[in-house]
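Try each task before you read its solution.

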There are 2 protein chains.
Amino acid sequence: MKLHTYFRSSAAYRVRIALNLKGLDYEAVPVHLVRDGGQQLQSAYLNINPSAMVPTLQDERGTLTQSMAIIEYLEETHPDTPLLPPDPLGRARVRELAQMIACDIHPLNNLRVIRYLVDEMGLDDAAKKTWLRHWIIDGFHSMESHLARHPGTGKFSHGDHPTMADCFLVPQVFNAIRFEIDLTPYPNIARIYTNCIHLPAFEKAAPGAQPDAE
Amino acid sequence: MKLHTYFRSSAAYRVRIALNLKGLDYEAVPVHLVRDGGQQLQSAYLNINPSAMVPTLQDERGTLTQSMAIIEYLEETHPDTPLLPPDPLGRARVRELAQMIACDIHPLNNLRVIRYLVDEMGLDDAAKKTWLRHWIIDGFHSMESHLARHPGTGKFSHGDHPTMADCFLVPQVFNAIRFEIDLTPYPNIARIYTNCIHLPAFEKAAPGAQPDAE
């Protein structure tokens, strides 16, 4: 398996965690989102992924994009070390938590969106930081409410084993820390993050541990 | 089953289509996202969904949010009239297409985001429209490339039966038309939309056919 990845990409980081939790070997193919005007915009990469985003997974069956679709695919093709619980309501909850990040927070803080705000709309550094922080704080507030009141929350987002929800939570918290968000108002998010990051699967997936890290 | 819905919400529209395709009866509970300062922000609704968004689905098992998690749940609990194909690669492709909309287009055009751009950042009507159109055009460009070159594309996004991908495509095209996007550069998207909208499941789910339509 090949994973087209960028060390700092939140979406690639999710898939790296999932691959590691499942103990799957893969070859990391770095795509630098900034260098050379963005390697994701070059025709070699666009032929693989016309969305010009990372990650892209390639295996003997085919080529796949979108982090959540990739993780669901890994779950179906490599069911050992499941990342979804067995019951439909639990599975729905794990997907729900993942999507709170994938649909409500991360898309607003994506590199291409920040570039548009700066280049096309003239946002200065302070306004950019306000934008980034606003959507993380808004999303973490919802997520913390959900985690705090739901009996399914355990050592991890759902129960006492890492799930797909944790594959999404950890990269988002990593970004929040980069943007200097105080995690004190989100004790469950902070606790789950701490429980995850020292596990080998998460350590090996971290941006700083990647071959293309700067 | 109860579906907390708003006629114009793209995410609620997706779930309405899925429920109808599966022939599942439900009670529509309208949540007006504008009236009364936004009914989704009132404590009665926040108790059900702390994210203050629609849709929320309630059945005898529990309460669920996030449109894609809800549709996956319906697929697992009501497998008749499947919305995902049987093969892992096909399933991944359908999820990928759905997520191209759910993660790369729609979050940028959500009501709360537009409100922030207008209220906090002072965008005028023209700049707002430019923003809305930019992300739809960008996303449709990627999606059309994907649909045009993939042999799995059929009468619908994947093959000749509606799938989860079509549940996401139709509401996004509906919005694109509202924002006066010319569909000529996206012949596959336009064709699939036309093939869908006259099916009873899609007609019944349309914003104009809802009890809370204005």
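**Exercise 1. Find which residues of α1(A) meet which residues of α8(A), and describe the crossing.**

Step 1. On the α1(A) side, pick out A:Ser10, A:Tyr13, A:Arg14, A:Ile17 and A:Ala18; they meet A:Cys167, A:Phe168, A:Val170, A:Pro171, A:Gln172 and A:Asn175 in α8(A). Contact here requires C-beta atoms, placed from the backbone, within 7 Å.

Step 2. Sort this contact by class: seven nonpolar, three polar and one charged residues. Ala, Val, Leu, Ile, Met, Phe, Trp, Tyr, Cys and Pro count as nonpolar, Asp, Glu, Lys and Arg as charged, and the others, Gly among them, as polar.

Step 3. Now the geometry: the axes of α1 (residues 10-21) and α8 (residues 164-178) of chain A come within 8 Å and cross at roughly 140°. That makes α1(A) oblique to α8(A) (under 35 degrees is roughly parallel, over 145 roughly antiparallel, 65 to 115 roughly perpendicular, and the rest oblique).

A word on the source: this is a predicted model, in which local features need pLDDT of at least 70 and side-chain atom pairs count only at pLDDT 80 or more, while totals for chains, interfaces and linings use all residues. Residues are numbered from 1 along each chain as its sequence is written, with chains lettered from A and ligands numbered from 1 in the order in which they are written.

**Exercise 2. Work out the strand order of the open sheet in chain A.**

Step 1. Four strands line up as β2-β1-β3-β4, with mixed pairing. Strands count as paired if DSSP finds at least two bridges between them.

Step 2. Look at the edges: β2 (27-30) and β4 (63-65) of chain A each have a single partner strand, so one side of each lacks a neighbour in the sheet.

Step 3. Zoom in on β3 (residues 56-58) of chain A, which runs antiparallel to β4(A) and is joined to it by three bridges. Here A:Leu57 stands opposite A:Leu64 in β4(A).

**Exercise 3. Decide whether B:Ala69 is buried or exposed.**

Step 1. Locate B:Ala69 in helix α3 (residues 67-77) of chain B.

Step 2. B:Ala69 counts as buried because it has 22 C-beta neighbours inside 10 Å (20 or more means buried, 12 or fewer exposed, in between partly exposed).

Step 3. Leaving out residues up to four places away in sequence, B:Ala69 touches A:Ala92, A:Arg95, A:Glu96, A:Gln99 and B:Leu64.

**Exercise 4. Find how many residues each chain gives to the contact.**

Step 1. Chain A gives 32 residues and chain B gives 32 residues.

Step 2. On the side of chain A that touches chain B, α4(A) supplies the largest share, nine residues.

Technical notes:
Axes fitted to C-alpha atoms, helices over the stretch in contact; angles between N-to-C directions. Helix = DSSP H or I, 4+ residues; strand = E, 2+ residues; numbered from the N terminus. Contact = placed C-beta atoms within 7 Å.
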